[in-house]
Amino acid sequence: IIESEFASLKSAEHRLFFISVGLATIHRVQMPATLCARALSNLHINQAPHILARALPGIVSSERERLAVRHPVYTRYVFERAVSRADFLTVVEALIGAFTMYPTPVIREVGKIEGTIFKSNINHRFLKEMLRSDQSMILQFYEMFEKPFEQDGLYWLQYGLALRDMHLQPEALEKLQAAYNAYRVEHTEHALAQQLRIMAVECNDEARALAYLAEAKSMLDRLDARPLRADDSYPIVTLSEGHTKIIRKYHGDDRAREIARTYANIVGSRRKAAPGDGRLHASFN
C-alpha cells in the first residue's frame with residue numbers, strides 16, 4: 001500500500017518534493033519551509049512548499065512554516081523500497097546545496113533543526129545505506145561539495161570516513177587530515193589517529209609505519225588523558241590494538257607481548273571501573 005501510494009504521485013515535482021521533506025522526517029525533525037524552498041529551487045521547482053503540500057494530503061503536512069512526511073518509519077520504508085538511488089542522490093545534493101550559502105563550519109551558522117538536517121544528510125553511514133553502497137554515487141556527492149565546504153571539518157570528516165569504508169585509505173587520510181585542520185575537536189582527532197593507525201598497519205615500509213604509529217600514538221595519548229565521557233570511543237583501545245599489531249609485524253611476537261602486557265594493565269584497571277563496557281572487555285581478552 002505504501003509503495004503504491006508513492007507510485008501514485010504522477011508528477012516528478014511531487015515525488016522530488018516528497019523526498020526533500022522526507023530528508024528531514026527520516027531524521028525525526030521537521031523541514032523548515034525556507035530550507036525546503038531553497039532545495040526545490042536547486043531542483044528547478046518554483047512552486048512554494050505549502051502549495052505542493054496541499055497536493056499531497058495525508059502524505060505531507062504543512063504547519064507554521066514546517067513540513068513533515070506522515071511518519072519517520074513510513075518515510076524510511078518509501079526511501080528503501082520505492083525511491084530510486086538516482087532520485088535520492090539528486091535531492092540530497094539539492095538539499096545540501098542549499099547550505100552552501102552559509103559561512104563554514106555550517107553547523108555553527110544555522111539553528112538546531114537545520115544543523116540536524118545538515119549533519120544527518122552528509123553522514124557517511126546514512127548515504128551508504130540510502131545509496132545501497134554505490135561507491136560512485138557516494139563519491140559524486142562528496143566531490144560536489146569539496147569547494148563550498150573546503151573549510152568545513154564535519155563535511156571532511158564524513159568524506160574521510162566514507163573513503164575509509166571503501167578501503168581507499170590514503171585518500172581517507174588526506175580528507176581526515178583536512179577535517180582535523182578545519183575542526184579540531186575530539187571526534188576529528190580520534191578519526192585521524194585511527195586512520196594513521198590503519199595506514200601503519202597496512203604499510204609495508206617499517207620506517208613509514210612507525211612514523212604513522214608515532215603520530216597516532218601522540219594523538220591517542222593526548223585524547224586518553226582527557227576525562228572520559230559516556231560516549232567516548234576509548235582511545236586507549238584503539239592505541240593498544242594498533243600498537244601491538246604493528247610491533248608484532250616488524251619486531252616479532254616476543255616484543256609484541258611486552259607491549260600487550262603494558263596495555264593489558266591499563267585496560268584491565270579500566271575494565272574493572274566500567275564492567276559494562278564491551279570494547280574494554282574485548283580489548284583486554
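Q: In this predicted model, is R248 buried or exposed?
A: The cut-off for exposed is over 50% relative accessible area. R248 has a relative accessible area of 52%, so R248 is exposed.

Q: Which residue forms a salt bridge with R248?
A: The closest N and O atoms of the pair are 2.8 Å apart. The criterion asks for a Lys or Arg side-chain nitrogen within 4 Å of a carboxyl oxygen of Asp or Glu. R248 bridges to D253.

Q: How many salt bridges does this rule give?
A: The rule is a nitrogen-to-oxygen limit of 4 Å between the side chains concerned. Among the pairs is E150 with K147, at 3.5 Å from N to O. The count comes to twelve.

Q: How exposed is K147, and how exposed is E150?
A: These two side chains meet in a salt bridge. E150 has 38% relative accessibility, so E150 counts as partly exposed. K147 is exposed, with a relative accessible area of 61%.

Q: How many residues apart in sequence are the parts tied together by R76 and E129?
A: The side chains of R76 and E129 meet in a salt bridge, 2.6 Å from N to O. R76 lies in helix α5 (residues 72–81) and E129 in helix α8 (residues 124–130), so the bridge ties together parts that lie 53 residues apart in sequence.

Q: Which residues are linked with R76 in a network of salt bridges?
A: R76 pairs with E129 at 2.6 Å. The network links R76 with E80 and E129.

Q: Why does the length of helix α12 agree with expectation?
A: Helix α12 covers residues 186–202, which makes 17 residues. At 1.5 Å a residue, the helix should span 24 Å. Its end C-alpha atoms agree with that, being apart by 24 Å.

Q: How many of the residues of α12 are buried?
A: Buried means under 20% relative accessible area. The helix is largely enclosed by the rest of the structure, because the buried residues number 14 of the 17.

Q: Which residues have the most contacts inside the largest nonpolar core?
A: This core has 87 residues. Helix α10 (residues 153–165) gives the largest share of the core, eight residues. The residues with the most contacts inside the core are F17, F18, F88 and F99.

Q: Which residues is F17 in contact with, leaving aside its neighbours within four places in sequence?
A: F17 is among the residues with the most contacts inside the largest core. Contact here takes heavy atoms within 4.5 Å. The partners of F17 are C36, L40, P49, L52, A53, L56, V60 and L67.

Q: What is the order of the strands in the open sheet?
A: The sheet has three strands, with antiparallel pairing. Its edge strands are β1 (31–32) and β2 (60–63), and each of these pairs on one side only. The order is β1-β3-β2.

Q: Which residue stands opposite V60 in β3?
A: β2 and β3 (residues 66–69) pair in the antiparallel sense over four bridges. S61 stands opposite A68. V60 stands opposite V69.

Q: What is the phi of R64 in the turn of the hairpin?
A: β2 and β3 form a hairpin with two residues between them. R64 lies in the loop between these strands. At 75% relative accessibility, R64 counts as exposed. Its phi is positive, about 50°.

Q: What is the phi of H44?
A: Most residues other than glycine have a negative phi. H44 is placed in the loop between α3 (33–42) and α4 (49–54). H44 is exposed, with a relative accessible area of 71%. H44 is not a glycine, yet its phi is positive, about 65°.

Q: What is omega for the peptide bond that joins T104 and P105?
A: Most peptide bonds are trans. P105 is found in the loop between α6 (85–97) and α7 (112–121). The bond from T104 to P105 is cis, with omega about 0°.

Methods:
Residues numbered from 1 in each chain as written. Predicted model: local features only at pLDDT ≥ 70, side-chain atom pairs only at ≥ 80, totals over all residues. Heavy atoms only, no water. Expected span 1.5 Å × (residues − 1). Buried < 20%, exposed > 50% of the residue type's maximum accessible area, 1.4 Å probe, protein only. Core = buried A, V, L, I, M, F, W, Y, C linked by side-chain atoms within 4.5 Å. Pairing = 2+ DSSP bridges.
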